[in-house]
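Visitor: Could you walk me through this model, beginning with a pair of facing residues and working inward from there?

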Amino acid sequence: MPMQIQIRVLDGQDIRLVPLEASMKAAIRWAVDCDPDTWQIMSSRACGDGFEDFWHQTLSEHQTGARIAYAIVRKSDDKVVGTSSYLNLRLANRGVEIGA
């Protein structure tokens, strides 16, 4: 039986993962623009001038179901501190990558 993933808030002890919405753009931009050196080793750049491409691809893939993207929200102050995604979904094989 193929894997089914529910898109919902994932609530942990210190953070919650909130499904990505277009209204989160400014908060996501702030969260990922904190360490340009880290982005140098990534396949895509979300900081600085790379943000618009990162945002467009992430939001587009999330809206079409090719990715399940989340904002990472710190519970102590409700601040967005990063992103994470289920990507390269292989539901028939019960496979998924986690990252971004």
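Guide: Ser85 stands opposite Gly99 in E5, where strands (E, at least two residues) and helices (H or I, at least four) are DSSP runs numbered from the N terminus. This is a predicted model, in which local features need pLDDT of at least 70 and side-chain atom pairs count only at pLDDT 80 or more, while totals for chains, interfaces and linings use all residues. Residues are numbered from 1 along each chain as its sequence is written, and side-chain values use heavy atoms, with hydrogens and water left out.

Visitor: In which sense do E4 and E5 pair, and over how many bridges?

Guide: Two strands count as paired if DSSP finds at least two bridges between them. For E4 and E5 the sense is antiparallel, and the number of bridges is 4.

Visitor: Which strands are the edge strands of the sheet?

Guide: The sheet is open and consists of 5 strands with antiparallel pairing, in the order E1-E2-E3-E4-E5. Pairing on one side only marks the edge strands, which are E1 (10-11) and E5 (95-99).

Visitor: At what angle to E3 does H3 run?

Guide: Axes here are lines fitted to C-alpha atoms, for helices over the stretch in contact, and angles run from 0 to 180 degrees between N-to-C directions. H3 lies across E3 and E4, and its angle to E3 is about 115°.

Visitor: Why are the buried residues of H3 on the same side of the helix?

Guide: The residues concerned are Phe51, Phe54, Trp55, Thr58, Leu59 and His62, which are buried, that is, under 20% relative accessible area with a 1.4 Å probe and protein chains only, whereas exposed means over 50% and partly exposed lies in between. They fall on the same side of H3 because they cover an arc of only 110° around the axis, taken from the directions from the helix axis to the C-beta atoms. On the other side of H3, the exposed residues are Asp53, His56 and Thr64.

Conventions: Contact = heavy atoms within 4.5 Å.
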